[in-house]
Amino acid sequence: MNSEEKQSLIKAVNEASPEGLRQFIINQAQFDPTFFRDVTAQFGDLDTDAELAQTKKLIQSTVRKNKSYGFIDYQGCIVVCNVLDDVINKYMLRFRQGHYHHAMNGLLLVVEAAGKMLSDADSSSGALTDTLDRVFGSMKNLSTNIAPEILESQKEIVIKDVVRVFKRKLFSGWPEERYKVLYNVLPLVTAKSAKSMQTASRAVIKAANEGYDTVQSEIYDKILHARILIQLGQKSEAEKFMEENKNIPQIREVEIQNALINKNYSRAEELCLEASKQDQGWRRIWEQYLIKIYDATDQQQKQEGVLETRLFANYPDAYEPLKKLREQDGSWEGQYSKFLERAAKKLTPENYAFILAKEREFAKLIKVVMQHPELTETYSKDLYASYPDIVNKLYYQNVVLNEKHPGRQAYRRMGRRIKNYATFGSRETAAKWIDGLIAEYPSRPALAEELDKVKQKL
């Protein structure tokens with residue numbers, strides 16, 4: 001709903017009589033089950049058991065329709081995740097309406113469904129990851145907001161339901177996702193429920209498959225213990241435990257996060273710098289925290305140093321913030337030429353090209369693309385206006401003809417690439433490519449069919 005529609009709705013409601021609104025709600029609720037449940041949840045008695053049963057049935061039905069031979073394919077995973085996202089939205093509405101325990105149980109239905117999909121769905125689209133991130137974020141949001149409002153006994157009831165899901169076998173082989181179930185309800189933890197969490201964690205470790213699952217579960221169990229101590233306000237015990245286990249990078253990270261929350265920036269910096277020397281595998285993580293620390297403490301020179309190190313270690317996400325800082329202190333323009341020279345020597349062709357495109361250094365960029373044809377598709381749109389003839393040649397040779405095995409799928413990809421070229425290049429050239437390819441391969445009717453479709457849309 002846009003702002004104009006919202007204002008129109010507000011005006012209509014303000015002008016309506018109470019009796020008119022009452023009759024409208026009653027009439028609408030009789031024909032719209034979703035509206036009926038929303039009204040009863042807001043103003044009456046919601047049948048939470050019936051709603052949870054209906055939600056469970058919806059999820060099961062959606063999964064069943066999109067599963068074949070026990071597996072959910074790429075498109076089916078997206079369809080199921082879209083439904084799960086709608087369920088998250090519905091139960092977050094119930095949370096806002098005051099149905100706290102019911103809302104958490106609805107979110108747990110999503111966690112269980114998504115957890116099962118970890119092992120039996122093609123999740124390469126990223127939809128499942130997004131859904132899990134959303135539901136865990138919603139659990140944390142709900143827990144954080146209701147913690148000051150409900151009794152300890154009520155918190156323990158909620159945690160009991162969460163622990164039940166945590167223990168499910170569907171998370172076997174997925175320890176990180178399993179422990180996120182607990183991490184995101186820690187604002188509700190009490191001394192009593194902490195024991196139930198840790199008992200469940202030990203049981204999970206005991207039942208885990210030997211190897212990766214066990215090792216990772218033991219690490220996540222330590223993280224759980226540290227975070228429980230912090231949440232319960234047992235400061236000295238938490239600090240002692242983290243100091244004893246800071247050789248585990250994940251525990252060190254918890255200690256850094258805790259220091260940042262408490263604005264103990266010197267301690268956080270010390271932990272990061274110490275780890276950077278000891279653990280190169282996590283260096284990128286420590287650098288990210290150092291950037292936050294130096295930003296919060298207004299240490300611009302140190303922040304620039306970390307960003308520069310990060311950039312020339314081939315992490316291009318450091319480029320924009322580094323440039324911004326140097327523009328602020330007035331040093332960017334004077335250092336720019338030497339910066340590009342260093343980038344040409346130190347960065348990969350992909351990352352160097354990325355910076356050249358950002359800076360509109362097209363004369364340099366075209367040379368990089370000519371030396372590294374695999375970059376043609378990425379930068380042809382940027383370069384076409386300045387070098388149309390060179391781009392035409394590069395694009396045709398390195399993008400259009402980049403199919404080693406003939407077949408209809410390959411011809412469709414070829415067609416999409418020609419169509420993409422036509423959005424920034426010459427439609428006449430695109431049509432000539434199509435005509436030339438069809439003439440060159442008269443024995444390939446599928447090629448002619450697929451490329452003719454593209455030509456008609458140019």
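Predicted model: local features only at pLDDT ≥ 70, side-chain atom pairs only at ≥ 80, totals over all residues.
On the α4 side the contact is made by E51, L52, T55, L58, I59, T62 and V63, and on the α5 side by V79, V80, V83, L84, V87, K90, Y91 and R94. When these contact residues are divided by class, 10 are nonpolar, two are polar and three are charged.

The largest pocket holds about 500 Å³ of space. Its lining comprises 17 residues, among which K140, Y183, R227, Q257 and I261 are the closest to the pocket centre. Four helices, namely α7 (127-146), α9 (175-183), α11 (212-231) and α13 (249-261), are the elements that give two or more residues to this lining. The lining of the largest pocket is made up of seven nonpolar, six polar and four charged residues.

The second largest pocket, with a volume of about 360 Å³, is likewise lined by 17 residues, and those that lie nearest its centre are K56, Q60, L109, E112 and K116. Helix α4, already described for its contact with α5, supplies at least two residues of the lining of this second pocket, as does α6 (100-120). The greatest contribution comes from α6, which gives eight residues to the lining of the second largest pocket. By class, this lining contains eight nonpolar, two polar and seven charged residues, whereas the lining of the largest pocket has six polar and four charged residues beside its seven nonpolar ones.

A further site concerns E361, which is found in the loop between α19 (349-358) and α20 (362-371). With residues up to four places away in sequence not counted, E361 touches Y336, L340 and L356. The C-alpha atoms of E361 and L383 are 9.8 Å apart in space, while the two residues are separated by 22 residues in sequence.

Definitions and conventions:
Residues numbered from 1 in each chain as written. Heavy atoms only, no water. Contact = heavy atoms within 4.5 Å. Nonpolar A, V, L, I, M, F, W, Y, C, P; charged D, E, K, R; others polar. 1 Å grid on protein atoms, 1.4 Å probe; cavity = no way out; pocket = protein on both sides within 12 Å on 5 of 7 lines; lining within 4 Å. Points joined across faces, edges and corners; volume = space filled by probe spheres on them.
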